[in-house]
Amino acid sequence: HFGQYAFPDPGLFVTPNMDEKKAKFITSWLQTRESWISSILDKGLPAMSGQQWRDFLATGFDRLPEASQTKSAKRHQSIHDLLVPVSSDPGVKPRSTLGDPLFWQGISYPPHVLPQDVVRQILWELYELNFAQEFLSLDRRACEHLDSKNSDELLKRHTLISKCFVTEAFEF
């Protein structure tokens, strides 16, 4: 998965001034964050390219994809299929964008109105999550004799690597 990310590249969210598109990306990420992380833990969703992440974050999850065959509709459908329903836990689902508050660390915020320090925390978490995933990928690549189908071996490596970090980036 060269050039692909298990989580969105935080660079997608960074601009000198927060514009409407970047605010939409952060809103979409917060609406799908719990479901995405749960899915990675359950089934290990595939990594996506930067363009796929842009499409994913630009998709509105408050409406079903339209049935037309336009390129845009097909892209929306593929992104929708990737996430909904993605979790085996029926209680974990994307949040609606129709006025529902956004949640970050137990605090609710109105949609598209996040304080700068909250945006920084979200970006920090994304950097940590991506770094942890990249570190695991590098370790698997470096271990020539690691059987990637053996979950016990993978868990041992995961446990060893997680001790390198003070944060809980490996715990999601």
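**Entry 1: a loop residue**

I started at Leu114, which lies in the loop between strand 2 (107-109) and helix 4. Helices (H or I, at least four residues) and strands (E, at least two) are DSSP runs, numbered from the N terminus. I was looking at a predicted model, where local features need pLDDT of at least 70, side-chain atom pairs count only at pLDDT 80 or more, and totals for chains, interfaces and linings use all residues. Residues are numbered from 1 along each chain as its sequence is written, and side-chain values use heavy atoms, with hydrogens and water left out.

Next I looked up what Leu114 touches, where contact means heavy atoms within 4.5 Å. Leaving aside residues up to four places away in sequence, I found Ile26, Leu30, Leu102, Tyr109, Val119 and Ile122. Ile26 is 88 residues from Leu114 along the chain, and I noted 9.1 Å between their C-alpha atoms.

**Entry 2: the whole chain**

I then listed the elements: the protein chain has five helices and two strands. Their order from the N terminus is α-α-α-β-β-α-α. For burial I used the relative accessible area: buried is under 20%, exposed over 50%, and partly exposed in between (1.4 Å probe, protein chains only). By that rule 38% of the 172 residues of the protein chain are buried. I also looked at contacts between residues at least 6 apart in sequence, and 65% of them join residues at least 24 apart.

**Entry 3: Asn130**

Is Asn130 buried or exposed? I found Asn130 in helix 4 (residues 116-142), and it counts as buried because its relative accessibility is 5%. Its side chain reaches the backbone oxygen of Pro8 at 2.9 Å. Not counting residues up to four places away in sequence, Asn130 touches Tyr5, Ala6, Phe7, Pro8, Asp9 and Pro10. Phe7 is 123 residues from Asn130 along the chain, yet their C-alpha atoms are separated by 6.0 Å.

**Entry 4: aromatic rings**

I turned to the rings of Phe, Tyr and Trp (its six-membered ring), which pair if their centres lie within 6.5 Å; planes under 30 degrees apart count as stacked, over 60 as edge-to-face and the rest as tilted. The structure holds seven aromatic pairs. One of them is Phe7 with Trp29, edge-to-face, at 6.3 Å centre to centre and 90° between the planes. Phe7 lies in the segment before helix 1 (20-43) and Trp29 in helix 1, so this pair ties together parts 22 residues apart in sequence. I noted that Phe7 and Trp29 are buried.

Trp36 and Trp53 form an edge-to-face pair, at 4.9 Å centre to centre and 65° between the planes. Trp36 is in helix 1 and Trp53 in helix 2 (residues 50-58), 17 residues apart, and the pair links these distant parts of the chain. Trp36 counts as buried because its relative accessibility is 0%, and Trp53 because its own is 0%. Ring pairs link Phe7, Trp29, Trp36, Trp53 and Phe56 into a cluster.

**Entry 5: helix 5**

Which residues of helix 5 are buried? I found Leu154, Ile161 and Ser162. Seen down the axis of helix 5, its buried residues fall within an arc of 95°, so they line one face of the helix; the arc is that of the directions from the helix axis to the C-beta atoms. These buried residues pack against helix 4. The face turned away from the buried side of helix 5 carries the exposed residues Asp152 and Lys156.

Technical notes
Polar contact = N/O pair within 3.5 Å; in protein donor to acceptor, adjacent residues only side chain to side chain.
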